[in-house]
Amino acid sequence: MATKDKHSETRASAIQTLSETGDVKYTEAAKKAIESDQAYNVVSAALKALTNLDEAAAMQYAAKLEKEQEQKYMAAVAEVSASNQRPAKRRFFESNFAND
């Protein structure tokens with residue numbers, strides 16, 4: 001369901017629910033969704049889910065999505081960046097939200 005349902009809302013919800021178990025066996029499903037799903041809500045949910053399962057991997061995917069400058073992913077990238085307390089991530093907020 002997390003990767004095959006025809007409705008993106010169902011896929012997004014399934015990925016998020018699976019991640020809430022904290023079971024790392026769902027890490028690959030989240031990565032697969034980030035890499036191949038065409039629906040931005042699924043990619044965003046998968047990125048947030050990956051934060052619960054493998055924060056280092058989530059930061060790597062967030063950095064890739066940030067470079068793409070896709071506005072549709074910025075909220076998820078911001079959430080992942082905010083969960084990481086490294087000062088270097090302030091650059092993301094400064095460059096994307098300082099002039100709003």
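This is a predicted model: local features need pLDDT of at least 70, side-chain atom pairs count only at pLDDT 80 or more; totals for chains, interfaces and linings use all residues.

Visitor: Why is Asp 23 called partly exposed?

Guide: Buried requires under 20% and exposed requires over 50%; Asp 23, at 31%, therefore counts as partly exposed.

Visitor: What makes the pair Lys 25 and Asp 23 a salt bridge?

Guide: The N to O distance between their side chains is 3.9 Å, and the cut-off is 4 Å, so the pair qualifies. Lys 25 itself is exposed, because its relative accessible area of 57% is over 50%.

Visitor: How do you know that Lys 31 is buried or exposed?

Guide: Lys 31 has 18% relative accessibility, which is under 20%, so Lys 31 counts as buried. Its salt-bridge partner, Glu 28, lies 3.7 Å away, N to O. Glu 28 is exposed, because its value of 53% is over 50%.

Visitor: Why are Lys 31 and Glu 28 separated by about one helical turn?

Guide: They are separated in this way because they stand three residues apart in helix 2.

Visitor: Which residue forms a salt bridge with Asp 37?

Guide: Arg 11 does, with the closest N and O atoms 2.8 Å apart. This pair links distant parts of the chain, 26 residues apart: Arg 11 lies in helix 1, and Asp 37 in the loop between helix 2 and helix 3. Both Asp 37 and Arg 11 are buried.

Visitor: What makes Ser 44 buried?

Guide: Its relative accessibility is 10%, under the 20% limit, so Ser 44 counts as buried.

Technical notes: Residues are numbered from 1 along each chain as its sequence is written. Side-chain values use heavy atoms; hydrogens and water are left out. Buried means under 20% relative accessible area, exposed over 50%, partly exposed in between (1.4 Å probe, protein chains only). Helices (H or I, at least four residues) and strands (E, at least two) are DSSP runs, numbered from the N terminus.
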